[in-house]
Amino acid sequence: MSIFEYNGSAVVAMVGKNCFAIASDRRLGVQLQTIATDFQRIFKIHDKLFIALSGLATDAQTLYQRLVFRHKLYQLREERDMKPETFASLVSALLYEKRFGPYFCQPVIAGLGDGDKPFICTMDCLGAKELAKDFVVSGTASESLYGACEAMFKPDMEPEELFETISQALQSSVDRDCLSGWGGHVYVVTPTEVTERILKGRMD
Amino acid sequence: MKLDTTGLESFPTLLAPQNDVVGDLSAAPSFDLPNSNDFDGFLKEAIQMVKPAKGTTTLAFIFKEGVMVAADSRASMGGYISSQSVKKIIEINPYMLGTMAGGAADCQFWHRNLGIKCRLHELANKRRISVTGASKLLANILYSYRGMGLSVGTMIAGWDETGPGLYYVDSEGGRLKGTRFSVGSGSPYAYGVLDSGYRYDLSVEEAAELARRAIYHATFRDGASGGVASVYYVGPNGWKKLSGDDVGELHYHYYPVTPSTVEQEMVEATGA
């Protein structure tokens, strides 16, 4: 198994009508053995910007700590929060700095930009940005996730329907992956509120 | 050792071969071999490609009332789950069961072959074959194919004249008699639950619950095990399937979700 499949992960983000949803599984494993079923993969940068990191768990945690540090400095200097597009460029630059000894993570970034317009993007472990208008996926279950999202996604969904869609896509994909699952964690973000939900899933 | 080829069809002809075409049919049965330049290298590669990590959990134990056999139902190819509904407990005959771990094709084929041999033994000797005899037949077959890449980790469980019998047989040629076995990548987790809950004088329901719990715990911890936990009981009148519970539902049955107490609650502000 490759280094990206060492811990196992599944992450997906979707765009709705003036809102976005970002979801991940909750398993932390060491190859086939499950160690924890409450591992946090989605991190808040600020109220309208979330990043989820799939791949090697230690690199995900370290990268997150580095990003929070850079964002706090930015807040002190600029006296405002970072825009999602700027943040995506920051993540991309940080990853490419380690071009010849990379962080083994694939980030998924989701946020509300100017005028509360939803923004999502994903990157490979070297920082190649992929902007999408509908959904982005990452992790060991990514192939299943692509299929599920492609089938279930509709543009301009309201927050409740978006939550249902992203949850179903996540659950059905991780049920076909040995290395991810054991529950789900979904954030639905609108301009006025952030809703965090834990999903009951198959624990096998 | 002469390879066992009874699993292959043979076409005995009464007439002497007239020409080359018919001559092929009356030749001794054998597995086709690939014609490649480097047979050893090809075989090594084929073994590596087929070599599954025995991603499964099966267990069996003898207790006062007979033998309890249980298994999960997940088939995995690396990280991908190819099926959640594989039958891993194979019914060799009405009083003997075999469990499947390793290569699915290998286990299915050789268990069916064993069933055929057991039936032939019954017809030739006018009595049922013992579990000892059946497991020895299988072990000898697997030993003759040792090193060729078969992957079989099976337990033969049954009830014969001497009472309950349980043997572990694998494709390395090993054969062990015992009272408690678990095979597969989830076996360490199953052993933990099985060994701490085992008593010889369990009742059938208690033993079934122990087997089910052991499989459930293995599916929780092991990524390559999951699906449905099947439990079979082998008694003096043969085997009987006791239950097949979906492991996803078993988790919430054993550990129900209690709604947590609300720490802070937001309410609509009334008034201006």
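## The open sheet of chain B

Two strands are said to pair if DSSP finds at least two bridges between them. In this predicted model, five strands of chain B form an open sheet on that basis, in the order 10-1-2-11-12 and with antiparallel pairing. Strand 10 (180-183) and strand 12 (238-246) of chain B are the edge strands, each of them pairing on one side only. Averaged over the sheet, and with direction ignored, neighbouring strands are turned by 15 degrees against each other.

Within this sheet, strand 1 and strand 2 of chain B are joined in the antiparallel sense over six bridges, and B:Phe61 has B:Met68, in strand 2 of chain B, as its bridge partner. Helix 5 (residues 187-197) of chain B packs on the sheet and touches strand 1 and strand 10 of chain B, with a direction that makes about 155 degrees with that of strand 10 of chain B. Helix 7 (residues 247-254) of chain B also packs on the sheet, where it touches strand 11 (228-235) and strand 12 of chain B, and its direction makes about 75 degrees with that of strand 12 of chain B.

## The annotated site at B:Thr56

Which residue of chain B carries the UniProt feature "active site"? The UniProt record, an unreviewed entry, places this feature at B:Thr56. That residue belongs to the loop between helix 2 (39-50) and strand 1 (58-63) of chain B. With a relative accessibility of 2%, B:Thr56 counts as buried, because the term covers residues under 20% relative accessible area.

The side chain of B:Thr56 is joined to that of B:Asp72 by a polar contact of 2.9 Å. Not counting residues up to four places away in sequence, B:Thr56 touches a set of residues that includes B:Asp72, B:Lys88, B:Met100 and B:Ala101. Also among the residues it touches are B:Val183, B:Gly184, B:Ser185 and B:Gly186, as well as B:Asp222, B:Ala224 and B:Ser225.

B:Arg74 is found in the loop between strand 2 (66-71) and strand 3 (75-77) of chain B, and its relative accessible area of 2% makes it a buried residue. A polar atom of the B:Arg74 side chain lies 2.8 Å from the backbone oxygen of B:Gly223. Leaving aside neighbours within four places in sequence, the contacts of B:Arg74 include A:Cys178 and A:Asp204 in chain A, together with B:Gly55, B:Lys88, B:Gly223, B:Ala224 and B:Ser225 in chain B. B:Lys88, B:Ala224 and B:Ser225 are therefore in contact with B:Arg74 and, within the 4.5 Å limit that contact implies, with B:Thr56 as well.

B:Thr99 has its place in strand 6 (residues 96-99) of chain B and, at 1% relative accessibility, counts as buried. Its side chain reaches the backbone nitrogen of B:Met155 at 3.0 Å. Beyond its neighbours within four places in sequence, B:Thr99 is in contact with B:Thr58, B:Val69, B:Lys88, B:His111, B:Gly153, B:Thr154 and B:Met155.

## The open sheet of chain A

Chain A has an open sheet of five strands in the order 5-6-7-8-9, and the pairing is antiparallel. Its edge strands, each pairing on one side only, are strand 5 (42-46) and strand 9 (129-132) of chain A, and the twist from one strand to the next averages 20 degrees. Strand 8 (residues 118-123) and strand 9 of chain A pair in the antiparallel sense over four bridges, with A:Ala132 in strand 9 as the bridge partner of A:Ile120.

Helix 2 (residues 84-97) of chain A packs on this sheet and touches strand 5, strand 6, strand 7, strand 8 and strand 9 of chain A, its direction making about 10 degrees with that of strand 8 of chain A. Helix 1 (residues 57-78) of chain A lies across strand 5, strand 6 (49-55) and strand 7 (105-112) of chain A, and runs at about 5 degrees to strand 5 of chain A.

Over all chains, the structure holds zero disulfides.

Technical notes:
Residues numbered from 1 in each chain as written. Chains lettered and ligands numbered in written order. Predicted model: local features only at pLDDT ≥ 70, side-chain atom pairs only at ≥ 80, totals over all residues. Heavy atoms only, no water. Disulfide = S-S within 2.5 Å. UniProt positions renumbered as here; feature names shortened; annotations may be inferred. Helix = DSSP H or I, 4+ residues; strand = E, 2+ residues; numbered from the N terminus. Buried < 20%, exposed > 50% of the residue type's maximum accessible area, 1.4 Å probe, protein only. Polar contact = N/O pair within 3.5 Å; in protein donor to acceptor, adjacent residues only side chain to side chain. Axes fitted to C-alpha atoms, helices over the stretch in contact; angles between N-to-C directions.
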